[in-house]
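Reader: I would like to learn how to read a few features of a structure. Please take them one at a time.

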Amino acid sequence: MREIDVKEIAAFLEDAAGRIAHVYSLDILASLEKAKESETKELSVRALEMLVENARIAQEKTIPICQDTGMAIVFLTIGQDVHFTGGNLYDAVNEGIARGYMNSFLRASIVDDPLFERKNTGNNTPAVIYSTIVPGDKVEVELMAKGFGSENKSRIAMLTVADGIEGVERFVLETIAQAGPNACPPFIVGVGIGGSFDSCALLAKKALLRPLDTPNPNESYRLLEERLLAKANQLKVGPLGFGGVNTALKVQVEYAPTHIAGLPIAVNMCCHACRHAKVVI
């Protein structure tokens with residue numbers, strides 16, 4: 001049995017919340033630079049140049065990439081031989097998020113009641129927390145800061161088995177087209193296929209965590225990703241909605257076993273920033 005003080009997790013989240021708000025990951029910067037080289041429309045090239053310039057200014061001046069600094073989504077992968085000390089794990093997660101957002105002067109975007117009062121909680125908590133138990137004595141902590149310009153354009157559907165690959169592709173492309181300029185293209189598109197109504201949405205969100213330069217290990221799904229990306233870019237929404245050939249930087253698919261009678265699918269839209277960070281303790 002290995003003991004881990006929950007204060008370590010809170011400290012990582014405090015640091016990560018501020019860091020990912022103003023520093024692009026290298027794989028995304030590389031994708032934006034590559035998109036500039038392939039873009040055909042002058043306005044779209046300029047839009048991509050502005051995104052890269054925005055990234056430079058945000059990092060140099062330690063200011064947010066975007067005014068929407070996101071809802072905190074935390075993924076905990078916990079070794080079954082770990083014993084947490086120093087307090088309640090979920091309380092520590094929320095403490096780290098609160099300190100990170102407040103100390104880095106990031107916008108508090110969470111309301112306590114989604115329908116009636118909608119009172120801001122003041123510190124961007126509570127976070128959405130997912131935990132999984134695995135063999136071992138380590139803990140993997142991953143933070144995603146999910147803005148709602150793109151989150152609001154995400155969709156889920158319970159397709160029939162007869163809809164097949166064509167139905168999956170149609171639903172993904174319809175979702176991207178409906179998102180249009182409002183979800184801050186060029187997009188990173190997370191797709192979840194299989195599982196159940198709820199779990200396929202989680203698959204779609206987890207798909208966004210894979211580095212853009214890492215191909216899908218399953219060849220069939222890798223080819224599906226490539227096909228979807230090519231078709232998405234034929235929609236010509238383009239960077240910031242100015243048209244062109246870079247509507248999406250990447251389409252990433254995760255899948256899971258499902259019931260013989262169903263074909264659940266979820267599409268989690270994400271803007272080009274796709275802010276996340278991970279540590280293994």
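Reader: Is F105 buried or exposed?

Author: A word on the source comes before the answer: this is a predicted model. Exposed means over 50% relative accessible area. F105 has 74% relative accessibility, so it counts as exposed. The residue sits in the loop between helix 4 and strand 4.

Reader: What is the phi of F105?

Author: The general idea is that most residues other than glycine have a negative phi. In F105 phi is positive, near 60°, and the residue is not a glycine.

Reader: Which value does phi take in C184?

Author: C184 is not a glycine either, and its phi is positive at about 65°. This residue belongs to the loop between helix 6 and strand 7.

Reader: How does one class the accessibility of C184?

Author: The class between buried and exposed is called partly exposed. C184 falls there because its relative accessibility is 33%.

Reader: Where are cis peptide bonds found here?

Author: In general, most peptide bonds are trans. A cis bond links T125 to P126, with omega about 5°. Another cis bond runs from P185 to P186, where omega is near 10°. P126 is in the loop between helix 4 and strand 4, while P186 is in the loop between helix 6 and strand 7.

Reader: Where does N124 lie?

Author: N124 is part of the loop between helix 4 (89-103) and strand 4 (128-134). Buried means under 20% relative accessible area. N124 has 0%, so it counts as buried.

Reader: What does N124 touch?

Author: Neighbours within four places in sequence are set aside for this list. N124 is then in contact with G70, M71, A72, I97, Y101, R107, A108, S109 and I110. One of these residues, I110, can also be read by distance: N124 and I110 are 14 residues apart in sequence, and their C-alpha atoms are 5.1 Å apart in space.

Reader: Which backbone atoms does the side chain of N124 reach?

Author: The idea is to look for pairs of N or O atoms within 3.5 Å. The N124 side chain reaches the backbone oxygen of G70 at 3.0 Å. A polar atom of the N124 side chain also lies 2.7 Å from the backbone nitrogen of S109.

Reader: What can be read for S31 in the same way?

Author: S31 is in helix 2 (residues 26-38). Its relative accessible area is 18%, so S31 is buried. A polar atom of its side chain lies 3.0 Å from the backbone oxygen of D27. Leaving out residues up to four places away in sequence, S31 touches L212 and L249.

Reader: How do helix 2 and helix 3 run relative to each other?

Author: The axes of helix 2 and helix 3 (residues 42-61) cross at roughly 155° and come within 9 Å. The two helices are therefore roughly antiparallel to each other. Helix 2 passes helix 3 in a left-handed crossing. On the helix 2 side the contact is made by L29, L32, E33, A35 and K36, and on the helix 3 side by V45, L48, E49, L51, V52 and A55. Sorted by class, these are 8 nonpolar, no polar and 3 charged residues.

Reader: At what angle do the axes of helix 6 and helix 8 cross?

Author: The axes of helix 6 (residues 164-179) and helix 8 cross at roughly 40° and come within 10 Å. Helix 6 and helix 8 are therefore oblique to each other. Their crossing is right-handed. Helix 6 brings I165, E169, V172, L173 and I176 to the contact, and helix 8 brings L224, R227, L228, K231 and A232. By class, the contact holds 7 nonpolar, no polar and 3 charged residues.

Reader: Which residues does L235 touch?

Author: Not counting residues up to four places away in sequence, L235 touches L173, I176 and A177. L235 is in the loop between helix 8 (219-233) and strand 8 (248-258). L235 counts as partly exposed because its relative accessibility is 34%.

Technical notes
Residues are numbered from 1 along each chain as its sequence is written. This is a predicted model: local features need pLDDT of at least 70, side-chain atom pairs count only at pLDDT 80 or more; totals for chains, interfaces and linings use all residues. Side-chain values use heavy atoms; hydrogens and water are left out. Helices (H or I, at least four residues) and strands (E, at least two) are DSSP runs, numbered from the N terminus. Buried means under 20% relative accessible area, exposed over 50%, partly exposed in between (1.4 Å probe, protein chains only). A polar contact is a pair of N or O atoms within 3.5 Å; within protein, one must be able to donate a hydrogen and the other to accept it, and residues adjacent in sequence count only if both atoms are side-chain atoms. Contact means heavy atoms within 4.5 Å. Axes are lines fitted to C-alpha atoms, for helices over the stretch in contact, and angles run from 0 to 180 degrees between N-to-C directions. Angles under 35 degrees count as roughly parallel, over 145 as roughly antiparallel, 65 to 115 as roughly perpendicular and the rest as oblique. A crossing is left-handed if the near helix is turned anticlockwise from the far one by less than a right angle, and right-handed if clockwise. Ala, Val, Leu, Ile, Met, Phe, Trp, Tyr, Cys and Pro count as nonpolar, Asp, Glu, Lys and Arg as charged, and the others, Gly among them, as polar.
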